[in-house]
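Welcome to this guided tour. Please open your viewer, get ready to select residues by number, and follow along stop by stop.

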Amino acid sequence: MKKLMEIKNLVIEKENNTIIQNINFVIYEGVNTFLCGTPSSGKTTLLKAIAGQIKYKGHITKNGNIEVVLEEGSFTKDTILEELDYELLEESQKKVVSKFITKSTLKKNPLEVEEKIQKLILLCQAFLKEPQLLFLDNILTYFDRKMLEKVYAYTRKKKITLVNVSTNIEESLNYTYMVVLNQGSIAIEGKTLQVLEQEKILKRLGIGLPFYVDLSIQLRLYGLINQICFTKEELEGALWK
């Protein structure tokens with residue numbers, strides 16, 4: 001598998017405090033990753049380093065077009081049309097925007113629309129750059145299920161590898177790989193199901209489990225089922241076997 005990005009011995013310091021300490025990991029093409037951690041675990045700081053916004057020690061090797069969408073994105077234009085440089089876009093690019101933002105909404109001031117639309121503006125700006133690897137800092141949390149399905153369908157079609165940085169553990173179920181940060185270091189990483197099975201460690205770190213995963217683990221302890229379930233339908237199927 002192709003390495004899209006490799007981080008080696010990453011250290012980030014601020015005002016004599018170590019925010020990120022000796023982080024190492026690789027993102028492979030096609031391996032969508034969920035990155036989580038408690039507040040102040042270093043998630044956003046890590047993304048800012050990847051985006052080249054802050055200084056760091058160590059190495060970040062990029063192989064391909066990589067974009068980072070931070071939650072704190074800012075807007076400077078009077079309309080969303082201007083913010084996206086819409087009139088300068090090719091027809092194919094305008095079609096990308098239309099998948100996520102309606103024509104009537106494009107005429108509005110980006111500072112006056114709801115947060116969901118603001119995050120869609122940031123997402124469209126990233127999509128228009130045609131990334132191979134896309135980091136999202138707590139962006140998908142703002143979307144309902146229908147919009148999430150649109151986003152995932154688009155990234156699959158365009159073969160964009162996603163790294164979703166979020167505190168919403170329920171979102172982890174959509175990802176192949178999982179990385180958990182704690183106090184600036186990687187506490188656990190691995191295939192998502194294997195990480196979620198580390199229930200005691202996760203809870204000690206202050207991270208809960210997705211509802212149906214947690215429930216199925218408890219039912220498995222009592223011998224009522226023999227598997228971990230991600231959805232209500234999976235759990236019902238396991239109970240009726």
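## Stop 1: Thr105 and helix 4

Select Thr105 to begin: with a relative accessibility of 12%, it counts as buried, because buried means under 20%. Keep in mind as you look around that this is a predicted model. Thr105 belongs to helix 4. Now show its side chain together with that of Thr102: the two make a polar contact of 2.7 Å. Leaving aside residues up to four places away in sequence, Thr105 touches Ile80 and Ile117.

## Stop 2

Next, select residues 91-98, which make up helix 3. Which residues of helix 3 are buried? Color Lys94, Val96 and Val97, and you have them. These residues lie on the same side of helix 3, because they cover an arc of only 150 degrees around the axis. Turn to the other side of helix 3 to find Glu91 and Lys95, which are exposed. What covers the buried residues of helix 3? Show helix 4 (103-106), helix 5 (115-127) and helix 6 (145-157), which are included in that cover.

## Stop 2: salt bridges

How many salt bridges does the structure hold? There are ten, and here are some to visit.

Start with Lys57 and Glu13, a salt bridge whose closest N and O atoms are 3.5 Å apart. This pair links distant parts of the chain: Lys57 sits in strand 4 (residues 57-62) and Glu13 in strand 1, 44 residues apart. Glu13 counts as partly exposed, at 45% relative accessibility.

Move on to Asp144 and Lys116, where the closest N and O atoms of the salt bridge are 3.8 Å apart. Asp144 is partly exposed at 39% relative accessibility, and Lys116 is partly exposed with a relative accessible area of 24%.

Now select Arg145 and Glu149, whose salt bridge has its closest N and O atoms 3.9 Å apart. Why are Arg145 and Glu149 separated by about one helical turn? They are four residues apart in helix 6, which means about one helical turn lies between them. An α-helix has 3.6 residues a turn, so residues three or four places apart point the same way. Arg145 is exposed, with a relative accessible area of 67%, whereas Glu149 counts as partly exposed at 48%.

To finish this stop, select Glu199, Lys203 and Asp214 together: a network of salt bridges links them.

## Stop 3: Glu6 in strand 1

Go to strand 1 (residues 3-14) and pick out Glu6. Its side chain is joined to that of Lys3 by a polar contact of 3.4 Å. Which residues does Glu6 touch, not counting those up to four places away in sequence? Show Phe25, Val26, His59, Ile60 and Thr61 to see them.

## Stop 4

Zoom in on Tyr222, in the loop between helix 9 (211-221) and helix 10 (232-239). Is Tyr222 buried or exposed? Tyr222 counts as exposed, because its relative accessibility is 70% and exposed means over 50%.

Key. Residues numbered from 1 in each chain as written. Predicted model: local features only at pLDDT ≥ 70, side-chain atom pairs only at ≥ 80, totals over all residues. Heavy atoms only, no water. Helix = DSSP H or I, 4+ residues; strand = E, 2+ residues; numbered from the N terminus. Buried < 20%, exposed > 50% of the residue type's maximum accessible area, 1.4 Å probe, protein only. Arc of directions from axis to C-beta. Contact = heavy atoms within 4.5 Å. Polar contact = N/O pair within 3.5 Å; in protein donor to acceptor, adjacent residues only side chain to side chain. Salt bridge = Lys/Arg side-chain N within 4 Å of Asp/Glu carboxyl O.
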